[in-house]
Amino acid sequence: MIAPNLSHAILGQAKGSIRQMDLENVLQSAFEAVNKGESVLESYFGRVKQIERKHLAGLVTEADKESEFTIAQSLKQSGHDFLFLGEESFQESQSSYLQGRDPVWILDPLDGTTNFVHGFPIFAISLGLYWQGQIVLGIVSAPKMGEHGESYWAIRGKGAFLDNQRLRVRQNVILGDAFLATGFIADFEEQLVEQVDIFNHVVRKARAVRRAGAAAYDLALVARGVFDGYWERGLKPWDSAAGSLLVTEAGGVVQSYRASPYHPLKNTVIAGSLGLVQQIQELIKPVIRADSE
Ligand code: IPD
Ligand code: CA
Ligand code: CA
């Protein structure tokens with residue numbers, strides 16, 4: 001893991017328990033926690049034993065649970081013991097954290113569980129920090145990518161990076177040349193019909209569409225300019241929080257299918273350069289469901 005070389009990011013005055021936040025310092029704690037989570041994932045990769053099916057929410061394994069527990073403990077002990085919203089300990093009432101002003105950790109301890117279970121190396125830990133209505137810090141770390149793993153991170157207003165290399169969303173891409181990513185959720189029939197309709201429209205116009213199986217990593221690859229754009233319906237805050245900041249800090253936009261600004265509780269996401277996101281929004285207009293935000 002890297003020690004980012006940034007001057008201290010002091011945000012303005014906040015009401016509530018925290019008046020100022022040194023985000024560089026918080027980032028160090030976040031990296032330490034993610035590092036520990038990665039060790040947990042490494043120890044289970046290729047050796048998963050307990051695979052359970054969650055109600056309408058895919059798979060969960062002992063690796064997901066232990067990674068979340070380890071990261072949560074580390075954050076608690078770091079002195080940055082903020083509100084915590086993690087996929088494996090989530091309770092519906094905690095959604096209200098994301099309408100408040102206090103800092104909230106948002107964690108997906110293993111994004112890409114199905115890949116992980118099958119030994120497909122695209123998976124990541126996604127850790128974001130929400131504060132005062134926006135995501136202010138994010139890490140997406142994919143331990144099996146690149147030579148020694150890939151750690152993507154961003155601080156609001158300071159840029160997005162892969163290790164120490166600055167990331168940029170690819171600009172001025174027309175849909176016909178675009179290399180896109182998406183994801184599907186098969187558990188809800190009506191939403192799946194919409195996803196397939198959208199896919200049917202987009203795949204005919206774009207250069208190619210990929211389905212890698214880890215939303216946070218898809219967003220990181222948009223920030224890096226590998227994918228030109230990405231869309232998905234039904235993401236949860238832990239899937240999109242950190243990755244959304246990577247994209248915006250890399251000069252892209254993250255909006256809903258209907259072009260409203262990103263919020264972790266919204267049910268649709270499109271990411272990419274503004275021009276490309278608008279082309280996709282225009283294309284899918286005829287097929288999006290009334291309840292798509
Ligand atoms: C899933 C992955 C997948 C996306 C699903 C997510 P999980 O997360 O990000 O790519 O299509 O919507 O739920 O369950 O592996 O953490
Ligand atoms: Ca996820
Ligand atoms: Ca997960």
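Which residue bridges the calcium ion (ligand 3) and the calcium ion (ligand 2)? Select Asp-108: this residue bridges the two ions, which lie 3.7 Å apart.

Before going further, some housekeeping. This is a predicted model, where local features need pLDDT of at least 70 and side-chain atom pairs count only at pLDDT 80 or more, while totals for chains, interfaces and linings use all residues. Residues are numbered from 1 along each chain as its sequence is written, chains are lettered from A and ligands numbered from 1 in the order in which they are written, and side-chain values use heavy atoms, with hydrogens and water left out.

**Stop 1: the calcium ion**

Stay on ligand 3 and show its protein donors: Glu-87 (OE), Asp-108 (OD), Asp-108 (OD) and Leu-110 (O), at 2.2 to 3.1 Å from the ion. Donors here are N, O and S atoms within 2.8 Å of the metal (3.2 Å for Na, K and Ca); water is not among the atoms, so sites may look incomplete. Along the chain, the donors follow the spacing E-x20-D-x1-L. Glu-87 sits in the loop between β3 (83–86) and β4 (104–111), and Leu-110 in strand β4, so the pair ties together parts that are 23 residues apart in sequence. (Strands, E, are DSSP runs of at least two residues and helices, H or I, of at least four, numbered from the N terminus.) Both Glu-87 and Leu-110 are buried, meaning under 20% relative accessible area; exposed is over 50%, and partly exposed is in between (1.4 Å probe, protein chains only).

**Stop 2: an aromatic pair**

Now select Phe-90 and Trp-238. Their ring centres are 5.1 Å apart and their planes at 65 degrees, so this pair is edge-to-face. (Rings of Phe, Tyr and Trp, using its six-membered ring, pair if their centres lie within 6.5 Å; planes under 30 degrees apart are stacked, over 60 edge-to-face, the rest tilted.) Phe-90 is in the loop between β3 and β4 and Trp-238 in helix α6 (residues 237–249), 148 residues apart. Phe-90 is partly exposed at 26%, whereas Trp-238 is buried at 6%.

**Stop 3**
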